[in-house]
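Subject: Structure handover

Hello,

Here is the structure I said I would pass on. My notes on what was found in it follow below.

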Amino acid sequence: MTEPIRVLIVDDDFRVADLHRDIVDQRPGFATLPPARSVGEARTAIRRDAPDLVLVDVYLPDGDGIDLVRSAGLDAIVLSAATDAPTVRRALRAGALSYIIKPFERRALVERLDRYARARNLLAEDRPLTQESLDRALALLHVAGEPASVSRTATEQLILSTLGVAESTATEIAEKAGLSRATAQRHLAALAGRGEIEVRLRYGTTGRPEHLYVRRGA
């Protein structure tokens with residue numbers, strides 16, 4: 001019987017970690033280890049349990065998930081709300097096989113897991129690889145396929161309703177919606193990344209330009 005692919009989830013939010021753990025455990029051929037909530041816990045788990053795959057957030061209480069990917073020398077997928085290109089490039093340079101932006105639809109992670117399992121099977125063959133099988137494995141690991149549709153969260157629905165058709169800053173939206181600025185900013189970034197809202201710049205006389213958010217087409 002084939003051993004399951006052992007997965008370590010590294011996320012400081014236990015609710016998020018549990019959601020990801022449920023997705024992994026429901027995939028045939030995968031099994032999760034107890035989640036780690038920090039870089040330190042993750043390093044201990046890696047030494048003790050030798051996972052095959054790590055699902056890791058970027059921002060952790062005691063360090064950086066991308067540095068963990070670089071130093072661990074394990075297969076890894078980054079799951080993060082960070083949407084800036086330098087962070088994504090840094091994750092890929094560190095060796096991450098894929099990068100999924102939070103919040104994401106369940107099937108986005110399922111697709112990556114299934115691709116990883118198929119590529120792992122191709123690369124685990126005892127006989128020498130042909131160029132064809134190597135190309136197939138690399139394509140599975142590095143091509144995401146069709147973009148997954150992303151369901152709006154309740155918070156995103158609230159933000160869109162609050163935004164209406166006017167331009168607003170993250171602070172204004174947070175105050176009207178009764179959210180923290182950080183929460184509003186995170187969900188605004190997700191909506192902008194999916195093209196549901198536009199980000200515009202308003203230049204003042206001094207300081208950095210201010211970001212304004214508006215519903216696309218408004």
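S168 sits in the loop that joins α7 (154–163) to α8 (170–177). Please keep in mind throughout that this is a predicted model. With a relative accessibility of 3%, S168 counts as buried, because the cut-off for that class is under 20%. Leaving out residues up to four places away in sequence, S168 touches L163, I173, K176, H211, L212 and Y213.

H211 and S168 are 43 residues apart in sequence, while their C-alpha atoms are 8.4 Å apart in space. H211 is partly exposed, at a relative accessible area of 42%. Besides S168, H211 touches T169, V199, R200 and L201, again not counting residues up to four places away in sequence.

The chain as a whole

The chain has 218 residues, and 39% of them are buried. Its secondary structure amounts to nine helices and nine strands. Taken along the principal axes, the C-alpha atoms fill a box of roughly 65 × 35 × 35 Å. Among contacts with a separation of 6 or more, 54% are between residues 24 or more positions apart.

On confidence, the mean pLDDT of the chain is 86, and 90% of the residues reach 70 or more. Strand β3 has the highest confidence, at 98, and strand β8 (residues 197–202) the lowest, at a mean of 81. The stretch 145–150 has a pLDDT below 50, and it makes 12 contacts in the model beyond near neighbours in sequence.

In soluble globular proteins, nonpolar side chains tend to be buried together. The largest nonpolar core here has 25 residues, and the members that touch the most others are V7, F30, L55 and L109. Two or more residues each come from β1 (5–10), α1 (14–25), β3 (53–56), β6 (75–80), α5 (106–123) and α6 (131–142). Helix α5 gives the largest share, eight residues. A separate core of 22 residues lies apart from this one, and its members include V10, V54, L68 and V69.

What does F30 contact, apart from its neighbours within four places in sequence? The list is P4, I5, V7, V24, L113, Y116 and A117.

The largest pocket

The largest pocket has a volume of about 540 Å³. Its lining is made up of 20 residues, and those nearest its centre are V16, L19, H20, K102 and P103. By type, the lining divides into seven nonpolar, five polar and eight charged residues. Helices α1 and α9 (181–193) each supply at least two residues to the lining. Of the elements, α1 gives the most, with four residues.

H20 is one of the residues nearest the pocket centre, and it lies in helix α1. Is H20 buried or exposed? Its relative accessible area is 7%, under the 20% limit, so H20 is buried. Not counting residues up to four places away in sequence, H20 touches I9, D11, L79, K102 and F104.

Two backbone points

Most residues other than glycine have a negative phi, and most peptide bonds are trans. Two places in this chain depart from that.

- The peptide bond from K102 to P103 is cis, with omega near -10 degrees. P103 is in the loop between β7 (98–101) and α5. K102 and P103 are also among the residues nearest the centre of the largest pocket.
- A50 is not a glycine, yet it has a positive phi of about 50 degrees. A50 is in the loop between α2 (39–49) and β3.

One more histidine

H142 is found in helix α6. With a relative accessibility of 53%, H142 counts as exposed, because the cut-off for that class is over 50%. H142 and A96 are 46 residues apart in sequence and 9.9 Å apart in space, from C-alpha to C-alpha.

Regards

How values were computed:
Residues are numbered from 1 along each chain as its sequence is written. This is a predicted model: local features need pLDDT of at least 70, side-chain atom pairs count only at pLDDT 80 or more; totals for chains, interfaces and linings use all residues. Side-chain values use heavy atoms; hydrogens and water are left out. A nonpolar core is a set of buried Ala, Val, Leu, Ile, Met, Phe, Trp, Tyr and Cys residues joined through side-chain atoms within 4.5 Å. Buried means under 20% relative accessible area, exposed over 50%, partly exposed in between (1.4 Å probe, protein chains only). Contact means heavy atoms within 4.5 Å. pLDDT is the predictor's confidence in each residue, from 0 to 100. On a 1 Å grid over the protein atoms alone, a cavity is a set of points where a 1.4 Å probe fits but cannot get out, and a pocket is an open set with protein on both sides within 12 Å along at least five of seven lines; lining residues have an atom within 4 Å of a point. Grid points are joined across faces, edges and corners, and a volume is the space filled by probe spheres set on the points. Ala, Val, Leu, Ile, Met, Phe, Trp, Tyr, Cys and Pro count as nonpolar, Asp, Glu, Lys and Arg as charged, and the others, Gly among them, as polar.
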